[in-house]
Amino acid sequence: MPALAMGPILYNWPVDAWRDFYFRLADETAVDTVYLGEVVCAKRAPLFAPVVEAVADRLTRAGKQVVRATLAQVATTVDRQLIAAATEPGGPMIEVNDTSALYHLGGRPFIAGPFLNVYNEGALAFLAEQGAAHVVLPAELPAASIAAMGRHADRLGVALEVQVYGRIPLAISARCYHARAHGRMKDNCRFVCDGDPDGMVLKTLDDRPFLIVNGIQTLSHACLNLVHELDDLAAAGVTTFRLSPQSCDMVAVAAVFRAVADGLLDAAEADDRLARIWPDAPFANGFYHQSEGHRWMPQPSSKPQEVRQAAAAS
Amino acid sequence: MPTAEMTRPELVCPAGTPAGLRTAVDAGADAVYCGLQGPTNARNFPGLNFTPGELADAVRYAHGHGAKVLLAVNSFPPAGRMTPWTDAIDAGVRARVDAIIVADIGVACYARDTYPDQRLHLSVQAGAASPEAIRYFCRAFAIRRVVLPRLLTVAEIKAVHDEIPCEIEAFVFGNIGMMVEGRCALSSYATGRSTNMDGVCSPASHVRYSEDAGGALLTRLGDFAIDCFACGQKAGYPVICKGRYRAADTAPAYAFEEPVSLNLTRLLPDLMRAGVTALKIEGRQRSRAYVKAVVSAFRDAVDTFLAGREADLADLIALTEGGRQTEGAFASKTWR
C-alpha cells in the first residue's frame, strides 16, 4: 500500500497559516509523511523558525513521519550555515536538495529530494551507498524511466517517491524574480513574495497563464495531477505519492488521493473533486507521458473534458 | 596593475564542429570543449557536435597545436537509457581527450570506476556552487576542476577558490541562461524536449514566428508566446528565461532577464586574481567567424592584461547579442 507524503510548502506563507496548515494535517488526514522546512529561500527560514519545533512535535505525536526539507540552492554564507545546522549529527532526518548537505552528512542516512537530480540507476545506486534510504524522483522523469528506477530501487531496498499533485517546480535561479517584479533585488526584497500564497502568475503576451514565480524559483502554472496514474506508479515500484501544498484545502486533496490509492474512488470522480477543491489551475500530466509538461493527456479512465468541466461547475 | 598575482589562465573555447575546433585552436585557444552527437551533452542541436572518429581526429589536431580537448558528457541520462552516455565516456577515453566534463552522478560513477586515470571536470550543469558541494564531488569522483554556476560574485569566487582542492573554470562570455544549469525544466515544460535529458533548450523545431497586421513579429515556443518585436527590431532567439510576460495586470516585461549576453572582459583581471584557472567562452552553436573573432579578441585581452596593460574591448562588445551585455551575477550582489 503506497504511502502519502505532504511535500514542503514551497511558498512564503504567513507564519500563522504555515503553523495552522500543519496542525490541521496532524489532526485530520491519512498523510503518512510530512516534509517541513524552507527549500527555496534562506531569507524565509527565520520567519517560521519560532514555530517549527512545535509543529514537528505535534505531527510526530499524531503518528506522522516528519522530515526536514533543506535548501535546493546553496551558495551564500547564510545558505551554507543553514545546511551545516540541518546536518548536525543526531538531528532529525532531512531531505537533501543540494550536494552541500551530503558533504556534512558523511554517510549518515538521508532522503534524496527532487532537486538532487536522481535521474538514473547509476545515481540511485551511488546515493543508496551514501545513505539514501528514500529517493524523490525529478518531476520531468517519464513513466518508462520511473519503472526502470523502480526495478533498481527494489533491489537496493530504497523507497521511491514521486510528486502526484501540485504545481511542478521547473527552475531555480540566483536572482529573485519576485523582487525584480517589484523593482527590488534579493537583498532588500522586503519579502514581497508573501502576498502570493500560490506564487505570482506570469501570463504570455497573448494572455495565457504560463509560469509561476516564487522568489528564486519558477513553477508550472498548471497543477500536476497523476490521479489516473497511481496504479501504474505503484506497480512500477513507487512507494510514496507526494502532494505539493497549494493554498487550497490540502486535507481534502489528500483524502481524494488516499481514496483513489485505496481503490475506494475512481479516478474520473477524483478529477471532478480536485477541480472543485482548486479551480485556479488546469491539470497537467505531460511529463509522465513523455510529452510537454504542461499537457493534460486524458487517460482511458478519464471523463471527457466537457463532462468534467460541467461537473466542476455544478 | 600588479601582474605578479595573476597566473596565466587557460582560455577554454567552444567547438561545435571539427572545422570550428580548428578555427578556435588556430585563433589561440588553450583548450577547446566539444560534445558527441546525440543527447549526451547540453548542446544537442542539428548539425552540431562530433562523431567518435571526428573527435579522435580533432584531438590529434589540437594536441599537434599545443591545445587541449575537453569533452562534455554533461547531460543527465534517464533511467534505462544510460548506454549513449557510457559510450560517450568510452569514446572520449579512446580519443585521448584531456578531460571529460560530467554533471550526472551516474555518469561520473561510470567514468570513475571504468577509467580511474581519466581526468574529470565537473560541469556547470552539476550546479555545485558552495565549497561543500564542490569538495563533495572532488572526494567522491576525484574531480580536478569545477565549472562554477553563474551565480557568484568575483569576491565569492575568490572565497570559494580558497576553500576547495580543485581548479575553477568560469564563464566569461556568451549567452547565459537565467536559471541554474541542470536545474531547469522550462524548455521541457513547453516543448517536451528536456534540457537535462535530451541536451536541448528551446529546440528550433518548436519555434514559430508569426506576423500580426501591424507587422509585429510574435515568437512562440511550443504553444506559448515568448516575445514580440516591432518592425525592424532585432528579434532574439526565443528562450523562455529571456521572454516577456505579464505579471498580474502589469505591462509586459522581461520577468527574468532581457535578451543580453554575458561579457566579463572588464572583470578579467579580477577573475585572474581570484584564482580562476580557466576562462570559458560559450557558443558551440555559433559560426566559425564568430568563434574566430571572440577567441582572437580574448587571446589578445588576456595577454595584454598579463603584460600589465589595459586591453581594448570594443570589438567584443559588438559581438554580444544585439550589442547588449551584462556582467550578470559576477560584478555585484545587486544583480540578484
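**Close-ups of a predicted model: domains and chains**

**View 1. Where the two domains of chain B meet.** In this predicted model, 17 residues of domain 1 of chain B are in contact with eleven residues of domain 2 of chain B. Domain 1 takes in 3-177 + 260-335, while domain 2 covers 196-242. Their C-alpha centres sit 28 Å apart. Together the two domains bury about 910 Å², with 49% of that on carbon and sulfur atoms. On the domain 1 side, the residues touching domain 2 split into eight nonpolar, seven polar and two charged.

**View 2. Chain A against chain B.** Here 65 residues of chain A are in contact with 67 residues of chain B. The pair buries about 5,600 Å², 58% of it on carbon and sulfur atoms. Keep an eye on A:Tyr103, A:Leu205 and A:Phe210: they supply 14% of the area that chain A buries against chain B, more than any other three residues.

View 3. Eight salt bridges are counted between chain A and chain B. One of them pairs B:Asp223 with A:Arg295, with the closest N and O atoms 3.2 Å apart.

View 4. E8(A) and strand E11 (residues 246-247) of chain B run antiparallel, joined by two bridges. A:Leu202 stands opposite B:Ala247 in E11(B).

Methods. Residues numbered from 1 in each chain as written. Chains lettered and ligands numbered in written order. Predicted model: local features only at pLDDT ≥ 70, side-chain atom pairs only at ≥ 80, totals over all residues. Heavy atoms only, no water. Domains from an automatic or database assignment. Contact = heavy atoms within 4.5 Å. Buried area = accessible area lost by both parts, 1.4 Å probe. Nonpolar A, V, L, I, M, F, W, Y, C, P; charged D, E, K, R; others polar. Salt bridge = Lys/Arg side-chain N within 4 Å of Asp/Glu carboxyl O. Pairing = 2+ DSSP bridges. Helix = DSSP H or I, 4+ residues; strand = E, 2+ residues; numbered from the N terminus.
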